[in-house]
Amino acid sequence: MHIPDGFINGETSLGAGIVAATGIGVSLRRAGQVLDEKQVPLAGLVAAFVFAAQMINFPVASGTSGHLLGGVLAAVLVGPFIGAVCVTVVLVVQAMLFADGGLTALGLNVVNMALLTSFGGYAIFRALRIVLPRSATAVALASGVAAGVAVVLASVAFTVEYAIGGAGGASVATVGAAMVSVHVLIGIGEGVITAMTVSAVLASRPDLVWGARDLQREPTR
Amino acid sequence: MSRRIRLSAFIAAGLVVALAVAFFVSRAASSQPDGLNRVAIDNGLEQASKPSAVDGRAGVLGVTVTFALASGVFVVVRRRNRG
């Protein structure tokens, strides 16, 4: 899902860069306001875990793989503002150290994989929590479904960016249909990994799960 | 209520899991192009997929740098907000 250099033209990349910088700027301010002491190492861990998980490409169709984006996972564990920053740090490290995702496409990649998944995906998670029962199982289920939908949203966002400033010759409809169909499959993988990881954290330290704070009966220390 | 593991132990265990995923599990990862690369190749937007530059050892470096950078960013924004 990492856009390389040269896929999307300069104007569109710059526009996405401005959106990304604004979104991350707001997120950093809010993160500074809501971070408590124990969340600092936890947020570092979330970023590190998302980096590791993004390395694991799983097969989804013949000759095609997918990997976790991790935005919803991060948002459920540490909240959408801190979560968006965590995924952005991952994208910056990948682009700067490993040439995974183009430097000029960093804004596009932050919009698609950090902002859209953390905020859009978290909104879906909250909506699902309202209709589902108030339980740890429901938190894991809502995380998984929201994560899967967020991957499809990211593929739609890429299609929009391609429609605005795509440098290739293929039609928007062809690219969009191919992107969304393959990312429905990748989204299933994203959902399963997200639900399992949230379940594991809920089983060991439920008080650390931002999206499940309402399940805590007593104040956390 | 069941006893909780300490936060420091939780963070340490989580880091061990992340490093192990980066170092060991990455060997089992698919080397096929991901969804976006596949669409790009199929539609002539990209010539061929380049194999991932991140092997196990680079992954350990990436996990470590990511943890350090993210923790640093959050320490700074928290301090700035309080100061």
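Predicted model: local features only at pLDDT ≥ 70, side-chain atom pairs only at ≥ 80, totals over all residues.

**Walking through the two chains**

Trainee: Let's zoom out. What is the order of elements in chain A, from the N terminus on?
Mentor: Chain A has seven helices and two strands. Read from the N terminus, the order is α-α-β-β-α-α-α-α-α.

Trainee: What radius of gyration does chain A have, against the one for a compact globule?
Mentor: The C-alpha atoms fill a box of roughly 60 × 35 × 30 Å along the principal axes. A compact globule with 221 residues would have a radius of gyration near 17 Å, so the value for chain A agrees with that. Chain A comes out at 17 Å.

Trainee: What percentage of the residues in chain A are buried?
Mentor: Buried here takes 20 or more other C-beta atoms within 10 Å. Also, among contacts in chain A between residues at least 6 apart in sequence, 76% join residues at least 24 apart. Of the 221 residues in chain A, the buried percentage is 60%.

Trainee: How about chain B: what percentage of its residues are buried?
Mentor: Chain B has three helices and zero strands, so to speak an α-α-α run from the N terminus on. Of its 83 residues, the buried ones make up 33%.

Trainee: Where the chains touch, which element of chain A gives the largest share of residues?
Mentor: In total, 53 residues of chain A are in contact with 44 residues of chain B. The elements of chain A giving two or more residues to that side include helix H1 (10–34), helix H4 (80–98) and helix H7 (172–204). The largest share is twelve residues, and it comes from H2(A).

Trainee: How far apart are the end C-alpha atoms of H1(A)?
Mentor: H1(A) has 25 residues, and at 1.5 Å a residue that should span 36 Å. The distance in the model agrees with this, at 35 Å.

Trainee: What covers the buried residues of H1(A)?
Mentor: The buried residues are Thr12(A), Ser13(A), Ala16(A), Ala20(A), Gly23(A), Ile24(A), Ser27(A), Leu28(A) and Ala31(A). An α-helix has 3.6 residues a turn, so residues three or four places apart point the same way. The cover includes H4, helix H5 (106–131) and helix H6 (136–165) of chain A, together with helix H3 (56–82) of chain B.

Trainee: In the hairpin of S1(A) and S2(A), which residue takes a positive phi?
Mentor: S1(A) and S2(A) pair in the antiparallel sense over three bridges. Pro59(A) stands opposite Ser65(A) in S2(A). There are two residues between the strands, and the positive phi, near 70°, belongs to Gly63(A).

Trainee: Which residues does Ser30(B) touch, not counting those up to four places away in sequence?
Mentor: Ser30(B) lies in the loop between helix H1 (7–23) and helix H2 (35–42) of chain B. With 17 C-beta neighbours inside 10 Å, Ser30(B) counts as partly exposed. The residues it touches are Asn57(A), Phe58(A), Pro59(A) and Ser65(A).

Trainee: Last one: Ala99(A) is not a glycine, so to what value does its positive phi come?
Mentor: Most residues other than glycine have a negative phi. Ala99(A) lies in the loop between H4 and H5 of chain A, and its 15 C-beta neighbours inside 10 Å make it partly exposed. Its phi is positive, at about 50°.

Note on methods: Residues numbered from 1 in each chain as written. Chains lettered and ligands numbered in written order. Contact = placed C-beta atoms within 7 Å. Helix = DSSP H or I, 4+ residues; strand = E, 2+ residues; numbered from the N terminus. Expected span 1.5 Å × (residues − 1). Buried ≥ 20, exposed ≤ 12 C-beta atoms within 10 Å, placed from the backbone. Pairing = 2+ DSSP bridges. Rg over C-alpha atoms; globule rule 2.2 N^0.38 Å.
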